Amino acid sequence: MNSAWSRTVEVPSHDGAVHHWRVIDRPGTSDADPVILCLHGNPTWSYLWSRFISELNPKYRVIAPDHLSMGYSDHVASRTYKERVADIADLLRALQIDQPIWIVAQDWGGAIGMGYAVAHPDHVLGMVLSNTGIAVPSGRRAPLLIKISAAFGLHRLITQYTSLFVRGTPFLPGRGLTREQRQQLSKPYRKVFQRRAVADFVADVPFSEKHTSARDLQTVADALPSLEIPVRLIWGSKDPVFNDDFAYDLLSRFKNAHLHRIADGGHLTVLESSVAPLVEQAISETVFVEDQLSGVTSEALWSRIGTAHDANQICISDAAANETVTDAEFASRVASFATQLHSRGVSMGDRVALLIPPGIDLIAAVYACWRIGAVTVIADRGLGLRGLGHAVRSARVQYVLGIRTGCLAAKLLRWAPWALMINVESLRSTDGSTMSSLVMPAPSDNSEAAVLFTSGATGPAKGVRYTHRQLCAQRDALQNTYNITRNDRFVAAFAPFALYGPALGITTGLADMDVTSPSTLTAAALNDACERITATMVFASPAALANVLKTASGSLAALASVATVMSAGAPVPIETLRQIYQLCPHAQLHTPYGMTEALPVADISLLQREQVGEGRGVCVGHVVMNADVIISSYDSQTVSAMDMGETGEVLVRAPWLSDGYDALWFTQSLARADGWHRTGDVGHLDDENNLWIEGRVVHVVHTSFGDVTPVPLEIATEAIPGVERAAAVSVGEPGVQQVVIVVEVTSGEDGPANSALAAAVRLAVAPQAIAAVFTTKKLPVDIRHNSKIDRTALGHKLTHILTGASR
């Protein structure tokens with residue numbers, strides 16, 4: 001950080017004295033933009049903002065003071081919370097900062113900043129708060145580390161007479177700081193007298209209503225709902241002091257607040273992480289309010305349950321559990337679950353994590369929650385144990401509904417330590433409940449219905465929020481796209497898709513397979529699931545279909561009579577579809593294109609793919625009815641439709657587009673623009689308005705000759721005999737990156753490809769230059785689909801190999 005920005009300011013104080021403040025005052029290049037005031041906490045100083053200031057757009061002027069008696073400002077008599085709020089007003093007055101400001105604050109700085117905003121609401125345009133608080137959240141106790149530090153007999157020893165508090169804070173859980181950062185943070189506090197204010201700050205934490213500052217803090221807390229300003233929270237979730245409870249407490253206090261959780265961030269997230277882009281986004285963004293279609297009422301998700309003409313018609317068949325329920329039995333189970341959950345306190349808007357294996361109970365639990373207005377948090381085992389824990393923890397559920405081992409895991413692994421555990425088996429009842437007898441109010445169309453999770457194939461799994469209206473629109477889009485009628489019977493070889501069956505009012509079958517590994521689905525298991533319900537429709541991932549082909553033998557009569565086969569989750573090789581057609585000669589084969597945030601977006605049949613022929617990437621067909629797609633530059637946040645044939649990012653909008661990401665405000669802001677959703681996929685539209693997918697934005701190879709998308713190269717490579725799958729990845733720095741092809745082969749070792757295979761690959765992808773060709777026995781893929789290749793991990797690995805670095 002530029003030392004020229006550090007200066008001492010004489011500040012006439014409200015206490016009648018003149019104090020010398022040490023201030024970082026970075027000038028801005030624009031007078032039209034707001035001044036940013038950075039307020040540190042305890043036991044830090046203005047150095048806390050060094051990374052933020054160095055990374056922030058230079059147009060902003062930044063003021064980062066050391067509080068009085070902290071850092072290198074004057075040491076004065078002990079000050080209370082109220083006095084420190086007044087100190088900030090004194091400083092800004094002395095600096096003659098009259099224009100509105102943005103406050104960026106952490107720890108005690110956040111409380112002081114909130115106090116200033118309440119006292120001077122016309123002077124504050126907005127706030128970005130990180131790991132702070134204004135009160136102990138309801139139902140929680142004060143942070144244990146602070147209580148210990150404030151304890152009689154230990155307080156001064158921990159906070160002043162020794163450097164334990166000062167030196168220990170940078171080691172709190174999180175991403176971690178460098179040695180240089182830790183040394184700089186403790187530099188002003190090497191002597192006992194320099195740490196007196198550190199102790200005073202801890203002493204000013206009110207543990208009872210009789211404390212001097214208790215009433216002042218409560219007055220500010222009570223006034224926060226009156227503030228009209230935008231507030232953005234950037235939260236390190238590993239912080240043992242201000243954990244997620246404090247973030248959600250603040251969310252509930254402001255009119256316009258959004259949260260961005262940094263799962264591996266800690267108490268000092270503003271120094272550990274790059275938060276400047278988040279602050280810039282907070283200042284610049286405008287909130288897009290989507291049309292809620294308030295005049296339209298959707299047909300409820302559960303409305304078709306129990307309405308079959310024949311009450312004995314099979315509703316769901318679970319081949320793995322060898323269990324079948326009729327339409328009437330399933331309706332009774334949903335009603336019973338709803339009644340029991342409601343009686344145990346599950347209320348409208350409560351979040352419920354469902355840790356139930358795929359099966360009839362899981363589907364019944366989902367619809368029971370929806371009926372009573374609870375929000376289902378659906379994190380499937382396809383995320384892996386670690387991903388599952390992250391998902392449940394990030395969703396902040398009030399209840400965990402699961403089998404005994406699921407509830408136990410959530411408790412012991414602290415996925416949801418404060419949630420009430422409910423064993424799904426305890427919901428079974430013979431009280432005769434029916435869907436029509438349920439008296440609890442139903443949720444509105446715009447009520448939150450579900451938090452679903454992305455696969456995590458290109459980063460940590462993200463929670464995606466859906467309202468009832470959006471899920472209903474998605475159901476209707478699927479029904480219209482595939483002409484689904486009440487006479488259809490649907491086998492879902494991908495667990496999340498099984499949830500659509502009751503909403504569509506059709507019989508649903510579950511195949512006997514390992515849901516964490518779709519490639520374990522055998523032809524016999526799929527045929528059996530189809531036979532049980534005389535299926536007319538099948539959905540399976542590309543990896544599942546590949547294994548069906550590998551294991552196909554003997555009579556598969558039930559498969560042969562299926563009318564529709566759908567496969568999605570990753571690009572489906574056309575040869576796979578051709579071979580599936582041999583097993584299902586009467587079926588139309590479709591590959592819907594979409595993502596967790598919006599499905600379906602486009603669709604194409606095998607026949608249409610044959611007619612379209614080869615091209616640059618994978619053709620996913622025409623955009624479905626009521627959805628819109630444009631191609632826009634992935635190098636710009638500005639939305640502008642590109643010409644036909646030009647490669648860019650795929651943007652989509654539709655009535656069933658999800659409500660946004662959960663507790664990831666910044667990610668949400670980057671993904672949405674003028675009502676469009678940035679999918680992260682790259683592709684183009686051809687002259688016939690077909691959509692072609694060429695890969696992911698994060699996997700584009702930025703060479704010195706221009707950008708290269710991976711999927712066209714992979715398709716060309718996979719046409720070589722003996723190649724199972726291929727991945728085109730980048731090595732090197734953007735702008736001069738090189739393309740490396742990694743080939744999955746059934747035999748051979750991991751390492752450089754033999755000369756014959758390498759030559760065949762180079763010929764297949766010509767004229768694209770290739771730096772190297774490697775082989776592997778198995779490409780890294782996501783758990784959920786077994787299809788999405790982790791090109792980023794491959795690229796890192798190959799960079800190490802090709803540069804000779806240690807792995």
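A residue is called buried when its relative accessible area is under 20%, exposed when it is over 50%, and partly exposed in between. The structure described here is a predicted model, and this report uses these terms for several of its regions.

## Domains

The chain is divided into domain 1 (3-138 + 208-284), domain 2 (611-695) and domain 3 (700-802). Between the C-alpha centres of domain 1 and domain 3 there is a distance of 48 Å.

## Salt bridges

Side chains of opposite charge can pair when their charged atoms come close. In the whole structure, 34 salt bridges are found. The table presents some of them.

| Salt bridge | N to O distance |
|---|---|
| R51 and E55 | 3.1 Å |
| D659 and R465 | 3.2 Å |
| R678 and E649 | 3.6 Å |

The salt bridge between R51 and E55 has an N to O distance of 3.1 Å. Both residues belong to helix α1 (residues 50-55), and because they are 4 residues apart, about one helical turn separates them. R51 is partly exposed, with a relative accessible area of 27%, and E55 is likewise partly exposed, at 35%.

In the salt bridge of D659 with R465, the closest N and O atoms are 3.2 Å apart. This pair links distant parts of the chain, for D659 lies in the loop between β26 (648-653) and β27 (660-661), while R465 lies in strand β16 (residues 463-467), 194 residues away. Is R465 buried or exposed? Its relative accessibility is 18%, and the cut-off for buried is under 20%, so R465 counts as buried.

R678 and E649 form a salt bridge at 3.6 Å, N to O. R678 is part of strand β29 (residues 676-685) and E649 is part of strand β26, so the pair ties together parts that are 29 residues apart in sequence. Both R678 and E649 are buried. Elsewhere, salt bridges with shared partners join E299, R304, R475 and D476 into one network.

## Helix α26

Helix α26 spans residues 755-765, and its buried residues are L757, A758, V761 and V765. Why do they lie on the same side of α26? They cover an arc of only 100° around the axis, which puts them on the same side of the helix. The face turned away from this buried side carries the exposed residues S755, A756 and L763.

The buried residues of α26 pack against a helix, α25 (710-718), and against the strands β33 (723-731), β34 (738-745) and β36 (772-776).

Strand β36, one of the elements against which α26 packs, has 5 of its 5 residues buried, so it is largely enclosed by the rest of the structure. A772, F774 and T776 point one way from β36, whereas V773 and T775 point the other way, and all are buried.

Which strands pair with β36? Strands β34 and β36 run parallel and are joined by 5 bridges; within this pairing, V743 has T775 of β36 as its bridge partner. Strand β35 (residues 751-752) pairs with β36 in the antiparallel sense over 2 bridges, and P752 has F774 of β36 as its bridge partner.

D790 is found in the loop between β36 and α27 (791-803). D790 is partly exposed, with a relative accessible area of 27%. A polar atom of the D790 side chain lies 3.0 Å from the backbone nitrogen of A793. D790 and G456 are 334 residues apart in sequence, but their C-alpha atoms are 9.8 Å apart in space.

## Residue L478

L478 lies in helix α17 (residues 468-482). With a relative accessibility of 8%, L478 counts as buried. Which residues does L478 touch, not counting residues up to four places away in sequence? They are I484, Y500 and P600. The C-alpha atoms of L478 and P592 are separated by 9.7 Å, although the two residues are 114 residues apart along the chain.

How values were computed. Residues numbered from 1 in each chain as written. Predicted model: local features only at pLDDT ≥ 70, side-chain atom pairs only at ≥ 80, totals over all residues. Heavy atoms only, no water. Buried < 20%, exposed > 50% of the residue type's maximum accessible area, 1.4 Å probe, protein only. Arc of directions from axis to C-beta. Contact = heavy atoms within 4.5 Å. Salt bridge = Lys/Arg side-chain N within 4 Å of Asp/Glu carboxyl O. Pairing = 2+ DSSP bridges. Polar contact = N/O pair within 3.5 Å; in protein donor to acceptor, adjacent residues only side chain to side chain. Domains from an automatic or database assignment.
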